[in-house]
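My notes follow in the order I took them.

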Amino acid sequence: MAREASLGTALITGASSGIGAVYADRLARRGYDLVLVARDGERLAKLAETLARDTGVSVDTLRADLTVKSDLAAVEARLRSDQTLSLLINNAGIAAFGGFTELDVEHHDAMAQLNIVALTRLAAAAGANFAARQTGVIVNLASVLALMPDRSGPVYAGSKAYVLAFTESLAAELGPKGVRLQVVLPGATRTEIFDRAGASVDAIPAEYLMEVDAMVDAALVGFDRGELVTIPSLPDIGDWDAFLAARAQLAPNLSRNRPADRYLSAGA
């Protein structure tokens, strides 16, 4: 395949399989050079070799476990220093199935470290690099469970709600500095996250389960349109607009100098 002009370099976390691997394929075919980050060095190397051969782009790999401080620091350093970087796909994440009090708290801690702490630190590193050059895009992968916290485990749903709020807030801060943000909220998507969490993807009704290629392709349509929030499954954007309007209507009354009247009488 003939190579298109490079659009800069995209760094993708969780790149060895699933959503990350499809992003790597699609972005390479668009002309992005790549830095692929994942724990599985062997799979990462095979993917890099295939993409470099098929698309002609430059593909670098960083084997890293983003829950390990030294590994995370190495990826942060690359994001801060590499002046060719133009795009961060903050995709790495884990889930868990089972009751909150039944799961080992170390699993909750690892989920918070990867889904929240690592994502935040990588966005901070990329944001500093991009803002200094007044260019670049940060894409954070959240989940529709950010909007439906009662449908999932509290740490996973909470972490994805954080990603949504974090991205919206960061867009307000970095937008004037030339940095664009996108947060993607997939529904159930056929990836290895289910197997790794000890669940079966086959238990999900077919009408709720999206194939990973379709999800990423839809997310990239939202990317091309400049969307801040992309929900690949949502048929009518008017529903999201109504949600934003309802949230905005709450805003004037969320912080006032006295309690609402309904709290002034214990008997009310």
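Which element gives the largest share of the lining of the largest cavity? I looked it up in this model, which is predicted. It is helix 5, with three residues.

Entry on the search. I searched the whole structure and got two cavities of 30 Å³ or more.

Entry on the largest cavity. I listed its lining as A96, G98, F100, L103, H108, M111, G153, P154, V155 and Y156. Two elements, helix 4 (105-133) and helix 5 (154-174), each give two or more residues to this lining. I then sorted the lining residues by class and got seven nonpolar, three polar and no charged.

Entry on the second largest cavity. Which residues line this space? I noted T13, L66, N90, N91, A92, L114, A118, L119 and L122. Helix 4 gives the most here, four residues. By class, the lining of the second largest cavity has six nonpolar residues, three polar and no charged.

I set down helix 4 under both cavities: it is among the elements with two or more residues in the lining of the largest cavity, and helix 4 gives the most to the lining of the second largest cavity.

Definitions and conventions
Residues are numbered from 1 along each chain as its sequence is written. This is a predicted model: local features need pLDDT of at least 70, side-chain atom pairs count only at pLDDT 80 or more; totals for chains, interfaces and linings use all residues. Side-chain values use heavy atoms; hydrogens and water are left out. On a 1 Å grid over the protein atoms alone, a cavity is a set of points where a 1.4 Å probe fits but cannot get out, and a pocket is an open set with protein on both sides within 12 Å along at least five of seven lines; lining residues have an atom within 4 Å of a point. Grid points are joined across faces, edges and corners, and a volume is the space filled by probe spheres set on the points. Ala, Val, Leu, Ile, Met, Phe, Trp, Tyr, Cys and Pro count as nonpolar, Asp, Glu, Lys and Arg as charged, and the others, Gly among them, as polar.
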